[in-house]
Amino acid sequence: MPFTSLVARLPFPSAAVQRAVGIAAVLAQALIGVTGSIVRVTGSGLGCPTWPQCVAGSLVPVNHPGIHALNQWIEFGNRMLTGVVIAVAAVAVITAWRVQIDHPSRTRLVKLAWTMPGGVVLQAVVGGMTVLAKLEWWTVAIHFLATTPLVWLAVLLLRAFREGDEPGRSLVPAAGRGILVALAVVMWLVLAAGTTVTGAGPHSGDINTHRLAVSVETLAQVHGGLLVLYMLLLAVFGLQLLRVGAPKGLWQRYTCVWVVALAQGGLGSLQYALGVPEAMVSFHVLGAMAVIIATATLWTGSRDRGPAVSLKAAPRELTAA
């Protein structure tokens with residue numbers, strides 16, 4: 001294939017480059033969600049009221065009656081950041097592809113890399129639907145929630161660069177693996193409940209957007225209750241780690257999840273007590289991304305796929321064959 005021959009001419013990515021690309025993918029997917037929250041709390045969600053154009057007849061912000069220039073540029077800037085995410089996703093695919101040329105068995109790595117640009121395309125479509133729906137709260141919720149599996153997959157990609165492709169050998173008993181699955185499910189329920197709190201709250205992205213007609217207090221209690229359930233499952237999972245004498249690396253990941261989850265819970269409580277100030281909303285979204293990353297890191301650290309086989313280029317005679 002022509003593209004394969006072009007990629008094959010690139011230098012083989014070192015272990016440091018592979019790690020940097022994986023980290024960049026995680027950061028790019030997480031930060032686009034945070035900047036989206038900035039758009040919402042500044043009331044800039046319809047700063048660019050059309051899509052893919054900013055305003056009718058122009059791809060970039062122009063003077064438009066009833067729309068402040070700052071709101072236009074905040075929304076437009078968030079759209080342009082998507083270009084950075086696309087670039088990072090493209091680099092991830094090329095890096096994984098170059099690795100596979102020297103190590104043909106690394107098909108899983110390439111598949112994970114392709115989820116990055118695929119996810120960006122999906123997000124662009126969902127984002128366009130959100131704008132065209134005038135930021136209805138449920139479309140904003142879908143737009144945010146569509147980001148969360150991409151952050152998770154980016155963590156898996158980062159891990160895949162640094163591990164082998166052997167069948168996963170669980171480092172915890174079957175019951176512990178089941179608890180970990182439940183932990184991941186409850187994590188997404190916590191995130192989904194958080195979007196309903198936002199949907200009923202004061203930060204709609206635009207003054208004319210419909211809000212979810214449910215008490216914020218009730219939704220916040222559901223959101224907080226699910227977080228408590230998440231922490232209970234996390235505590236039970238810790239007992240499973242004690243049972244099997246888990247390795248130090250897994251304990252470190254487990255501790256990190258506790259630190260991030262407790263910080264996020266404290267931040268959410270403070271945010272609610274202060275009346276949901278704008279800046280704290282974005283910090284809370286940042287915390288949500290940290291919870292996803294930490295939980296995904298615990299997930300990947302709970303099984304062993306063997307040593308990494310593609311941190312160095314294959315011998316020349318093997319690649320020639």
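## R303 and E163

R303 pairs with E163 in a salt bridge, with 3.1 Å between the closest N and O atoms (the term covers a side-chain nitrogen of Lys or Arg within 4 Å of a carboxyl oxygen of Asp or Glu). R303 sits in strand β2 (residues 303–304) and E163 in the loop between α6 (147–161) and β1 (169–170), so this contact ties together parts that are 140 residues apart in sequence. Helices (H or I, at least four residues) and strands (E, at least two) are DSSP runs, numbered from the N terminus.

Both R303 and E163 are buried, meaning under 20% relative accessible area, with exposed over 50% and partly exposed in between (1.4 Å probe, protein chains only).

## Where this comes from

The model is predicted: local features need pLDDT of at least 70, side-chain atom pairs count only at pLDDT 80 or more, and totals for chains, interfaces and linings use all residues. Residues are numbered from 1 along each chain as its sequence is written, and side-chain values use heavy atoms, leaving out hydrogens and water.

## E163 again

E163 also meets R305 in a salt bridge, at 4.0 Å from N to O. R305 belongs to the loop between β2 and α11 (316–320), 142 residues away from E163.

## Strand to strand

R169 and D304 form another salt bridge, their closest N and O atoms 3.2 Å apart. R169 is in strand β1 and D304 in strand β2, so the pair joins parts 135 residues apart in sequence. R169 is partly exposed at 48% relative accessibility, and D304 is partly exposed too, at 29%.

Salt bridges with shared partners link R106, R108, R159, E163, D165, R303 and R305 into one network. Searching the whole structure turns up eight salt bridges.
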